[in-house]
Amino acid sequence: AAALTDTALSSVIAETDITSVSIFGSMIAGGVAGAISRTATAPLERLALLMQVTKMERSLSKGTSKSAYQGVLHGLRNMYAEGGVRSFFWGNGINISRLVPQRGISFTLFEQWKEYNRKRKENGPDGIASTSPDGIYTLALGGALSTAVAGAICYPLDVLRTRVTVQRGRNKDVSVRSIIRNITSVRQLYQGFTP
């Protein structure tokens, strides 16, 4: 839902005439859309991460501990009990710091891809007007490439965001600075990147 909202908001912010939008304008549109949509969905995104982590913790402990996040309402109540309303948004600041450049880069690259293909279609390979329309496959390829490049560039921020987000309890140190101090190599910033 957040990704679809990003795309919809980006289109509205950037207007419908792609040629009038500068590269900087595209980056701003994508970044603002990402920030708005992810802040709106931050409590559910954090809950999803907590549910994944606690399931893993329970399987490692052979199911001896009871999950504090046994459904959406139960999980949200427990998040609130751990840290009040602020706990719904733990990790959202770093998430926004990750998403603004990631969505901005992705949206900009995709708009540039569409512009490149529009010009290619108009001029054809030999400078002759071409009649072949942009197909869904061309757009899908552009979307996939732009998202992959943006994701690769911003992936270390995703690792930091995940580590901040899964912190639990009122006394947990959720400082990004303290998490960065515990990272000993660049390789750790790309853990899980391949999948």
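I started with Val149, which counts as partly exposed because its relative accessibility is 40%. A reminder to myself: this is a predicted model. I placed Val149 in helix H5, which runs over residues 136–165.

Next I asked how far Val149 is from Ser106, in sequence and in space. Ser106 belongs to helix H4, residues 92–123.

Is Ser106 buried or exposed? I noted it as buried, because its relative accessibility of 14% falls under the 20% cut-off. I then looked up what Ser106 touches, leaving out residues up to four places away in sequence, and wrote down Ser146, Thr147 and Ala150.

I stayed on helix H4 for Glu115, which is found there too. Glu115 has 17% relative accessibility, so I filed Glu115 as buried. Which side chain does Glu115 meet in a polar contact of 2.5 Å? I found that the partner is the side chain of Arg118.

My last stop was the surface. I picked out a nonpolar patch there, made up of Phe24, Ile28, Val32 and Ile36. Together these residues have about 370 Å² of accessible area. I checked Ile36 on its own and found it in helix H2, residues 23–60.

How values were computed:
Residues numbered from 1 in each chain as written. Predicted model: local features only at pLDDT ≥ 70, side-chain atom pairs only at ≥ 80, totals over all residues. Heavy atoms only, no water. Patch = residues over 30% accessible without salt bridge, like charges linked within 9 Å, V, L, I, M, F, W, Y side chains within 5 Å. Areas by Shrake-Rupley, 256 points an atom, 1.4 Å probe, with all protein chains shown as cover. Salt bridge = Lys/Arg side-chain N within 4 Å of Asp/Glu carboxyl O. Helix = DSSP H or I, 4+ residues; strand = E, 2+ residues; numbered from the N terminus. Buried < 20%, exposed > 50% of the residue type's maximum accessible area, 1.4 Å probe, protein only. Contact = heavy atoms within 4.5 Å. Polar contact = N/O pair within 3.5 Å; in protein donor to acceptor, adjacent residues only side chain to side chain.
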